[in-house]
Amino acid sequence: MHQRGSFVSPLLSGVFCQCRSEEYQGSDPGGGGRTLGSATSISEHRHDESCDSPHHCPVCGGPEQEHRLKVLFQILDVNGDGGICVNDLTIGLKKLGVHCTEHELKKIVKAGDKDLDGQLDFEEFVHYLRDHEKKLRLVFKSLDKKNDGRIDSQEIMQSLRDLGVHISEEQAEKILKSMDKNGTMTIDWNEWRDYHLLHPADNIPEIILYWKHSTIFDVGESMLVPDEFTAEEKKTGMLWRHLVAGGGAGAVSRTCTAPLDRLKVLMQVHASRSNSMGIAGGFTQMIREGGLRSLWRGNGINVLKIAPESAIKFMAYEQIKRLIGSNQETLGILERLVSGSLAGAIAQSSIYPMEVLKTRLALGRTGQYSGMKVCAKHIFKKEGLKAFYKGYIPNMLGIIPYAGIDLAVYETLKNSWLQRFATDSADPGVFVLLACGTMSSTCGQLASYPLALVRTRMQAQATQEGSPQMTMTGLFRHIVRTEGAIGLYRGLAPNFMKVIPAVSISYVVYENLKITLGVQSR
């Protein structure tokens, strides 16, 4: 934590109005009082804790908060041009006794600069402070474990421990002293806000921990960006319990929704304008051909690939984070997208032959293959090793739109919820988390679905006797020419039908496995 002076300017301390009547004409024009070295006292009119109170200043008659912000803006606008740039902030904040690095100041300007002119006008400045203050209130609420409106050293230690950071009581007290202005060794809301208000905080750990893009969202496609784990979870081995719980939940959910998954594969490969295969007709055809048991054909390999894929993806993700030079506990969105996409590509490359086997088994006739081993031998003998990587390119290309849109939609929904509904707590609750995860995953699938369909058709090409072996671009052109754009979305209905039951089942199983494995809920 960046150390700052223990005294904070009255402008930042509470909700002060810095009005001056005739008796205050000698005050510093910035209104900074003692911090700016003024020998003359200034009037400080404080109202109650809420910064949104409608109380008016007895001197100027205007709202105290609005006037406080105007005065603060005037002090920070050093050159008086109506905009605050990084240079203005450097000089202005030093006057107020607030010390930030140049990198932090750039982040403040970037966060509030809506019109991208490199500076903050008054409206942008107010919007930034109010948005930032809302985040700070959420963090304060999450730190205030006793819910008494004050934070003590034990609460700071507990909160950091939850994030995998262990500090001594002496270190916690040192953190407290840097913010504590009245010597009580506790921090109230005003002290907390005053200390952090002009300090950027785009990754607030407590909020992020609630909103982790959880491993429980298993919708049968493994392109999600890996989960984040704290240093403590890695050290104690708790992360492997999380991965086992997530893997077990995925296995159960995939097994329960396997009939819909097999129907999707059949529709992707066989459905066309001349062969319109509906959901009811598809199920009837499968049962007539191989009985009820045939509905689960190909599910075994689909479940088996969960463990190696999850483990490889997680390990690759951790290594890539180090390679891009990030030692942060929580990555930014762009870093997560790059690291997650690369980790997904490595994991998919490692287990891709299993993907081909799954497709071939799902499309196989009753009695054609007695098991996975027989199927693998048959493909290798008849088509060679390269057959196990058919459709590899569209599969890799599909990772970027899937992961990118999934993350973007999730972050948008998260921020929207925090802005509108997070008044007392940053914890969104189970329903909101499941809804956001389901919607973002669905949007990601929708964006990458044409690539997934082409991948499946390429994997299945050898099973269709007499059909020419096409490249990815050739297959795209062929589908659009013969079936229209709608042909790229064959099988989309059963794919979406399985999303809600898959997420619901995986959540219930995940929670029960966490209890069995002794995983602590965050």
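Tyr352 counts as buried because its relative accessibility is 0%, where buried means under 20% relative accessible area, exposed means over 50% and partly exposed covers the range in between (1.4 Å probe, protein chains only). The structure is a predicted model, in which local features need pLDDT of at least 70 and side-chain atom pairs count only at pLDDT 80 or more, while totals for chains, interfaces and linings use all residues. Residues are numbered from 1 along each chain as its sequence is written, and side-chain values use heavy atoms, with hydrogens and water left out.

Rings of Phe, Tyr and Trp (its six-membered ring) are taken as a pair if their centres lie within 6.5 Å, with planes under 30 degrees apart called stacked, over 60 edge-to-face and the rest tilted. Under this rule there are seven aromatic pairs. One of them joins Tyr352 to Tyr389 in a stacked arrangement, at 5.8 Å centre to centre and with 25° between the planes. This pair links distant parts of the chain, 37 residues apart, since Tyr352 belongs to helix H15 (residues 333–363) and Tyr389 to the loop between helix H16 (372–383) and helix H17 (392–421); helices (H or I, at least four residues) and strands (E, at least two) are DSSP runs numbered from the N terminus. Tyr389 has a relative accessible area of 37% and is therefore partly exposed.

Tyr449 and Tyr489 also form a stacked pair, with 6.0 Å centre to centre and 10° between the planes. Here again distant parts of the chain are linked, 40 residues apart: Tyr449 lies in helix H18 (residues 430–460), and Tyr489 in the loop between helix H19 (472–483) and helix H20 (492–497). Tyr449 is buried because its relative accessible area is 3%, whereas Tyr489, at 33%, is partly exposed.

## Salt bridges

A salt bridge is counted when a side-chain nitrogen of Lys or Arg lies within 4 Å of a carboxyl oxygen of Asp or Glu, and the search of the whole structure finds 10 of them. Asp261 is bridged to Lys498, with 2.7 Å between the closest N and O atoms. The two residues are 237 residues apart in the chain, Asp261 in helix H11 (residues 258–270) and Lys498 in the loop between H20 and helix H21 (499–517). Both Asp261 and Lys498 are buried, and they belong to a network of salt bridges that links Asp261, Lys264, Lys358 and Lys498.

Another salt bridge brings together the side chains of Glu383 and Lys390, at 3.2 Å from N to O, and both of these residues are buried. Glu483 is bridged to Arg490, where the closest N and O atoms are 3.0 Å apart. Glu483 counts as buried because its relative accessibility is 6%, and Arg490 is likewise buried, with a relative accessible area of 18%.

## Nonpolar cores and ring contacts

A nonpolar core is a set of buried Ala, Val, Leu, Ile, Met, Phe, Trp, Tyr and Cys residues joined through side-chain atoms within 4.5 Å. The largest such core has 36 residues, of which Leu76, Leu89, Leu93, Phe125 and Trp192 touch the most other members. At least two residues of this core come from each of helix H1 (64–76), helix H2 (86–95), helix H3 (102–112), helix H4 (122–143), helix H5 (153–162), helix H6 (169–179) and helix H7 (189–196), and H4 gives the most, with eight. Apart from this core lies another, of 12 residues, including Val265, Val269, Leu295 and Leu363.

Phe125 also takes part in a cluster in which ring pairs link Phe73, Phe122 and Phe125. The charged end of Arg137 sits over the ring of Trp189, 4.2 Å from its centre; this description requires NZ of Lys or CZ of Arg within 6 Å of the ring centre and within 35 degrees of the ring normal.

## Positive phi values in loops

Most residues other than glycine have a negative phi. Leu116, which is not a glycine, has a positive phi of about 55°; Leu116 is found in the loop between H3 and H4 and counts as exposed because its relative accessibility is 73%. Asn147 has a positive phi near 60° and lies in the loop between H4 and strand S3 (150–151), where its relative accessibility of 64% makes Asn147 exposed.

## Overall composition

The protein contains 21 helices and four strands, and 52% of its 522 residues are buried. With contact meaning heavy atoms within 4.5 Å, residues 24 or more positions apart account for 70% of the contacts with a separation of 6 or more.
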